[in-house]
Amino acid sequence: MATSSETTVNVDLKLPTKWEDLTEKQLRYLFGLLAQDFPATQIKTYCLFRWSGMQVMCRYGKGWWCKFDKDEFVIFAEQVNAAIASLDWLDNVPSFPIRLARIGRHRAVAADFEGVPFEVFIICDNLYQGYLATKQDDLLDEMAAHLYDTRKIKLTATERVSVFYWFASLKGFLARVFKHFFQPVSNASVDDGNMFEQEQSQYEILQNAVNAQIRALTKGDITKEKEVLSLDTWRALTELDCQAKEYEEINRKYPSK
């Protein structure tokens with residue numbers, strides 16, 4: 001609801017209600033704002049106007065003179081604050097893997113990693129954890145080369161944010177699907193969920209985790225390592241999840257003293 005110079009105007013704004021509703025164009029706009037480190041309220045305000053089609057014409061007293069379709073009216077800060085509450089879901093990492101379908105001429109692999117080789121997941125997870133620890137942009141560039149199935153890819157700041165959000169949302173999604181295998185690291189920092197905060201060296205911790213995954217799948221037979229790495233990620237994680245569940249059940253039945 002907004003106010004014109006003479007009457008009250010009811011404005012029906014149609015906005016996305018969840019991450020999955022966003023078009024490729026809307027995702028790029030959002031990731032571009034995130035890349036500029038704007039505060040969350042400012043980002044949601046920009047998205048409100050861009051995605052609804054409402055235009056700000058000029059400042060008008062304590063409000064803004066706006067146009068929507070054929071209507072013109074004044075809108076005030078409290079009305080904007082009430083409206084952007086419908087975009088509060090932007091404050092959270094997507095519950096389902098969200099990504100740009102293509103960057104330049106490069107097409108993305110499956111968003112949820114179904115059909116993607118397990119080796120690609122391990123490599124990307126390695127780079128993702130490295131980025132969390134170092135914030136080095138080149139690690140996101142390396143991730144993108146695997147995520148978009150190319151030898152080399154050049155990213156903008158917007159596209160780097162999209163790569164980060166993709167893998168962050170993928171990890172959260174897989175953790176809910178394969179809940180027995182994806183357990184929090186007991187000694188990791190609670191604030192950033194980062195295994196690199198432990199006392200061992202960063203690369204030693206990650207390498208040990210990767211090796212443990214491969215050993216669990218090969219059951220110690222190194223001749224099967226190549227076969228395991230070529231497995232579909234979901235097939236590999238399903239097996240690891242089953243093994244983790246069996247291990248939990250054994251521990252419950254025969255708790256250590």
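The exercises below, each with a worked solution, concern aromatic rings, charges over rings and a strand pair in a predicted model.

Residues are numbered from 1 along each chain as its sequence is written. Local features need pLDDT of at least 70 and side-chain atom pairs count only at pLDDT 80 or more, while totals for chains, interfaces and linings use all residues, and side-chain values use heavy atoms, without hydrogens and water.

**Exercise 1.** Classify the ring pair of Trp19 and Tyr165, and say which parts it ties together.

*Solution.* Rings of Phe, Tyr and Trp (its six-membered ring) pair if their centres lie within 6.5 Å, with planes under 30 degrees apart counted as stacked, over 60 as edge-to-face and the rest as tilted. Searching the whole structure gives 19 aromatic pairs. One of them, Trp19 with Tyr165, has 5.7 Å centre to centre and 35° between the planes, and is tilted. Trp19 lies in the loop between β2 (8–9) and α1 (24–35) and Tyr165 in helix α6 (residues 157–177), so the pair ties together parts that are 146 residues apart in sequence.

**Exercise 2.** Decide whether Trp19 is buried or exposed, and do likewise for Tyr165.

*Solution.* Buried means under 20% relative accessible area, exposed over 50%, and partly exposed in between (1.4 Å probe, protein chains only). Trp19, at 5% relative accessibility, counts as buried, and Tyr165, at 18%, also counts as buried.

**Exercise 3.** Find the distance from the charged end of Arg99 to the ring centre of Trp166.

*Solution.* A charge sits over a ring if NZ of Lys or CZ of Arg is within 6 Å of the ring centre and within 35 degrees of the ring normal. The charged end of Arg99 sits over the Trp166 ring, 5.6 Å from its centre.

Definitions and conventions. Helix = DSSP H or I, 4+ residues; strand = E, 2+ residues; numbered from the N terminus.
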